[in-house]
Number of protein chains: 2
Amino acid sequence: MNGARSLVQTLYGSGVEVCFTNPGTSEIHFVAALDAQPEMRAILGLFEGVVTGAADGYARMKGKPACTLLHLGPGLGNGLANLHNARRARVPVVNIVGDHATYHRHLDAPLTSDIESIASAVSGWLRVSRDAVSVARDGAEAVAASYGPPGQVATLILPADTAWEAPGMHVDPVPRRTPLAPDAARVEEVARTLRAAGASGTLLVNGPALCEEGLVLLGRIAVATGARVFTDTFVTRIARGAGRVNVPRLPYLGEQAVALLEGTRHLVTVGTKAPVSFFAYPGMPSELTPPGCSVHALAEPAEDAMAALDALVDALDATQAVPATAPEERPPLPTGTLTPKSIAQVIANLLPDHAIVMNEAATAGTPIPGFTTTSAPHDWLDLTGGAIGQGMPAATGAAVACPDRKVLSLQADGSGMYTVQALWTQAREELDVTTVIFANRRYAILEMEYSRVGAGDPSDSTRDLFDLSRPTLDWVGLAKSMGVRGVRATTAEELARGLERGFSEGGPYLVEAVL
Amino acid sequence: MNGARSLVQTLYGSGVEVCFTNPGTSEIHFVAALDAQPEMRAILGLFEGVVTGAADGYARMKGKPACTLLHLGPGLGNGLANLHNARRARVPVVNIVGDHATYHRHLDAPLTSDIESIASAVSGWLRVSRDAVSVARDGAEAVAASYGPPGQVATLILPADTAWEAPGMHVDPVPRRTPLAPDAARVEEVARTLRAAGASGTLLVNGPALCEEGLVLLGRIAVATGARVFTDTFVTRIARGAGRVNVPRLPYLGEQAVALLEGTRHLVTVGTKAPVSFFAYPGMPSELTPPGCSVHALAEPAEDAMAALDALVDALDATQAVPATAPEERPPLPTGTLTPKSIAQVIANLLPDHAIVMNEAATAGTPIPGFTTTSAPHDWLDLTGGAIGQGMPAATGAAVACPDRKVLSLQADGSGMYTVQALWTQAREELDVTTVIFANRRYAILEMEYSRVGAGDPSDSTRDLFDLSRPTLDWVGLAKSMGVRGVRATTAEELARGLERGFSEGGPYLVEAVL
């Protein structure tokens with residue numbers, strides 16, 4: 001058994017069932033080993049940004065890692081942006097990067113590069129395999145490491161000869177560290193603080209606590225103390241919709257977040273940290289916590305947030321508190337021209353039961369969270385690291401993880417072009433993903449940010465640099481060219497018909513919503 | 001004047017005329033400064049791999065740097081593969097990466113990452129600007145540094161506040177280091193060696209010596225000594241076609257290169273180093289120089305290769321030697337089914353005078369160099385670093401550099417999907433690029449490499465992982481969806497008609513050559 005075979009066997013034995021990949025010559029023995037382990041599903045992406053984004057989406061929905069298989073430094077570079085997003089999402093990813101054979105590296109062949117430097121920017125764990133004997137153990141440790149806590153990108157660099165040499169040794173799964181609950185004294189202190197603070201107490205939450213049960217606990221805490229609860233602006237995953245406790249997000253714009261947090265004297269963080277502005281702006285604060293507000297970490301990202309919330313509910317004697325849950329109330333289907341609002345209404349009306357929503361709709365998607373609060377129950381995933389081009393790949397991975405659920409991919413057009421190749425993988429794997437392209441045909445967020453950073457009003461030539469209409473991108477044509485059916489919608493009625501078709505047919509479908 | 005304004009002024013004053021970009025919020029002040037300096041042409045790419053590949057292609061044709069403008073670590077990551085290719089091409093690129101404001105970085109906002117680690121893998125020069133006062137000097141030094149010698153990627157990381165703060169100070173161009181000629185003793189030694197070696201002497205060349213005049217000097221040396229001359233397998237740029245001294249390339253396959261170099265006792269390198277195998281293969285040599293062969297560096301990549309060749313020709317008393325040049329002999333236009341050979345014949349027949357050929361045709365393009373030896377004179381650019389997805393972006397940049405010349409972009413389908421967004425920039429800028437997609441609908445090179453690395457014969461399921469036909473990519477549809485006209489060709493006649501149309505119409509055009 002060669003190293004590659006031992007590695008794939010060990011990864012599978014450690015619970016890794018899917019390999020998202022775009023391999024090259026240096027990874028061929030790993031590919032051959034995948035072939036010998038058909039239980040491990042190999043999924044091809046036409047670009048590494050698709051591969052890594054899919055691994056992120058898969059992990060968010062499955063709660064465990066897929067592995068990637070990337071081709072040396074350039075392949076890693078191509079996948080780096082979505083590994084950055086996965087890092088920010090704190091999800092487990094086993095990121096395998098092939099390299100030249102150990103004895104070939106010093107010759108500086110054309111594809112040689114400093115893979116470790118590139119990988120270090122996104123990896124919580126990083127190792128270069130030394131030989132065939134140890135590669136399976138490296139793989140088992142990578143899987144364990146990927147769970148953190150918190151979840152992280154564990155990168156294993158795999159020189160080609162560690163894959164093709166023998167003997168590879170199968171290794172049993174390595175125990176993973178489990179997150180610890182915060183100690184009782186801290187919970188007690190937070191309970192005292194929140195009780196005393198009343199409406200001047202605020203919880204800010206991200207991570208695993210945003211599951212359905214976690215939201216109930218958060219709701220109980222709010223009922224018992226009068227505290228408000230918000231999520232980070234961009235969440236890894238949150239349960240939303242009818243029957244769920246609704247926790248609103250902190251606004252993207254710092255000044256709105258500051259206004260919302262005004263009056264908060266005690267901020268309690270769960271699975272996140274005190275809020276900061278997404279970008280810096282001249283003359284505006286980067287830290288969004290009100291002056292004088294004290295910050296209390298109930299659960300650090302590495303800690304067991306659910307246990308912490310359970311303990312806090314107990315400490316508050318709030319186990320019987322009954323938080324409000326969202327009713328099922330779908331807005332009526334609008335008619336006429338498409339606007340961000342009417343798109344949101346159509347989506348809120350038609351959202352299928354237990355859909356997975358991957359949100360990279362950017363500016364034009366702003367009204368959607370509000371309207372979908374009372375839609376059918378669903379899971380919602382955000383672009384977590386600000387590296388655009390995550391949406392369609394992550395939707396792809398989520399559909400692989402949950403073949404029995406509908407995936408709705410909300411995608412801004414400018415961002416969508418970053419990893420447009422994801423549509424092909426959706427077609428090839430016949431994934432049940434319906435994509436809505438928000439075709440405003442410009443980088444609208446940059447127009448908005450232009451004056452916010454103090455650069456004045458954009459001139460015509462500057463607007464032209466943010467413009468995607470010269471020539472117009474034909475999204476239906478792009479999708480069709482990659483095997484995905486679709487339709488263009490210029491009215492709410494057309495959008496509704498398109499979405500209904502996408503949700504009912506199974507397989508991938510795309511609606512270009514022209515704004 | 002703020003820092004951004006001083007930087008753009010200084011870059012322009014230092015000879016940087018084009019900025020390829022996909023900016024974000026942290027780069028907006030730079031965008032505003034571009035607007036105030038309309039002589040600097042700003043060209044938008046829909047993905048950073050397009051931006052960096054275009055900067056590479058531009059530099060190869062213009063002999064001077066363009067600048068990029070990328071959005072933080074993820075934007076750099078997206079552009080990394082083509083920066084890797086530019087690094088291997090040893091061309092000057094001024095790579096500007098925006099970052100958060102200096103005081104914002106420690107807050108670890110979502111887009112924060114270790115930009116320096118990522119950039120270090122591709123940059124010969126790397127600096128983080130400290131403040132608005134020094135940013136223009138940093139820019140001027142980046143320009144000078146990009147020239148090397150040899151040419152390199154000079155990365156300037158630009159925290160947002162260094163752009164928006166004042167005062168920025170305009171800086172005059174910084175003198176750049178010029179490459180030195182090797183000393184006379186070394187030239188003399190190489191002359192003696194080659195004279196004595198006769199047919200057992202071989203020159204291996206890459207870099208600036210592959211210009212028309214350099215090839216004449218190489219030809220004189222060959223005539224005077226009996227030495228053979230080859231280029232690296234992948235060259236930055238070479239003058240080819242009728243009237244030029246033809247210098248063949250070393251084959252991609254190591255075993256073929258070894259066979260070709262058999263009998264070489266003295267290898268003289270010019271602008272490159274002793275040849276190594278592109279990948280390692282079990283049981284095959286990584287170093288391709290014959291055992292016992294001595295290697296003599298006439299000109300290191302940092303040295304003045306043209307001066308070295310001039311001196312060597314003098315030392316050999318070969319200034320009057322007349323090397324053979326290629327006649328103009330176009331193969332007749334073939335008919336019938338498309339094959340790699342018939343595609344090469346069509347291209348060789350129709351290649352326009354002084355065209356620029358960007359070659360990323362991969363396996364199906366193998367016959368093209370042979371057939372185009374006697375085509376109209378042209379410049380030929382290769383994928384230098386093995387990071388696929390360079391072809392269409394570099395063709396884009398070459399067309400920006402040389403608006404009066406036809407650009408022929410030879411593009412494998414699998415590689416082309418990496419940076420397919422380049423077509424949109426070609427349409428937007430109305431660039432005169434004709435693209436031929438080699439649509440064999442598979443990663444054919446991986447099928448070939450599978451057995452070469454000793455993995456046996458690929459199984460059906462492995463072949464499926466290299467297969468691009470499920471679903472079939474519609475390249476004409478992709479192009480049309482991004483504003484580029486095109487046609488599908490399944491016969492040599494259709495290919496010829498398509499190419500003629502592409503060359504005659506001006507503006508971008510695409511022919512999908514179905515193999």
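This is a predicted model: local features need pLDDT of at least 70, side-chain atom pairs count only at pLDDT 80 or more; totals for chains, interfaces and linings use all residues.
A residue counts as buried if 20 or more other C-beta atoms lie within 10 Å of its own.

What runs beside β6(A)? Strand β4 of chain A, residues 93-99, is parallel to β6(A) and joined to it by 7 bridges. Gly98(A), for example, stands opposite Leu158(A) in β6(A). Strand β5(A) also runs parallel to β6(A), through 4 bridges. Here Val128(A) has Ile157(A) of β6(A) as its bridge partner.

Now step back to the sheet. It is open and has 6 strands, in the order β2-β1-β3-β4-β6-β5 (chain A), with parallel pairing. Which strands stand at the edges? They are β2 and β5 (125-128) of chain A. Each has a single partner strand, so one side of each is left without a neighbour in the sheet. From one strand to the next, the twist averages 20 degrees. At the β2 end, 4 bridges join β1(A) to β2(A), and these strands run parallel. Thr21(A) stands opposite Leu44(A) in β2(A).

Next come the domains. Chain A is assigned domain 1 (3-164), domain 2 (184-315) and domain 3 (340-514). The C-alpha centres of domain 1 and domain 3 of chain A lie 29 Å apart. Their contact takes 25 residues from domain 1 of chain A and 26 residues from domain 3 of chain A. Which elements supply the domain 1 side? β1 (18-21), β2 (41-44), α3 (48-62) and α4 (72-89) of chain A each supply at least two residues. Helix α3(A) gives the most to this side, with 11 residues. By class, the residues on the domain 1 side divide into 13 nonpolar, 7 polar and 5 charged.

The two chains meet as well. Their contact takes 75 residues from chain A and 74 residues from chain B. On the chain A side, α4(A) gives the most, with 8 residues. Helix α4 of chain A is also among the elements that supply the domain 1 side touching domain 3 of chain A. The side of chain A that touches chain B has 40 nonpolar, 25 polar and 10 charged residues.

How are the copies related? A rotation of 180 degrees, with 0.0 Å of shift along its axis, superposes chain A on chain B with an RMSD of 0.0 Å. The two copies are thus related as by a two-fold rotation axis. Of the interface residues of chain A, 99% are also interface residues in chain B, so the copies meet through the same surface.

Finally, look at one residue in chain B. Where is Pro179(B)? Its place is in the loop between α7 (160-164) and α8 (184-197) of chain B. Buried or exposed? Pro179(B) counts as buried because it has 22 C-beta neighbours inside 10 Å. Leaving out residues up to four places away in sequence, Pro179(B) touches Pro149(B), Ala302(B), Glu303(B) and Asp304(B). Pro301(B) is 122 residues from Pro179(B) along the chain, yet their C-alpha atoms are separated by 9.0 Å.

Terms used:
Residues are numbered from 1 along each chain as its sequence is written. Chains are lettered from A and ligands numbered from 1 in the order in which they are written. Copies are superposed by least squares on the C-alpha atoms of residues with pLDDT of at least 70 in both. Two residues are in contact if their C-beta atoms, placed from the backbone, lie within 7 Å. A residue is buried if 20 or more other C-beta atoms lie within 10 Å of its own, exposed if 12 or fewer, and partly exposed in between; C-beta atoms are placed from the backbone. Domain bounds come from an automatic or database domain assignment. Ala, Val, Leu, Ile, Met, Phe, Trp, Tyr, Cys and Pro count as nonpolar, Asp, Glu, Lys and Arg as charged, and the others, Gly among them, as polar. Two strands pair if DSSP finds at least two bridges between them. Axes are lines fitted to C-alpha atoms, for helices over the stretch in contact, and angles run from 0 to 180 degrees between N-to-C directions.
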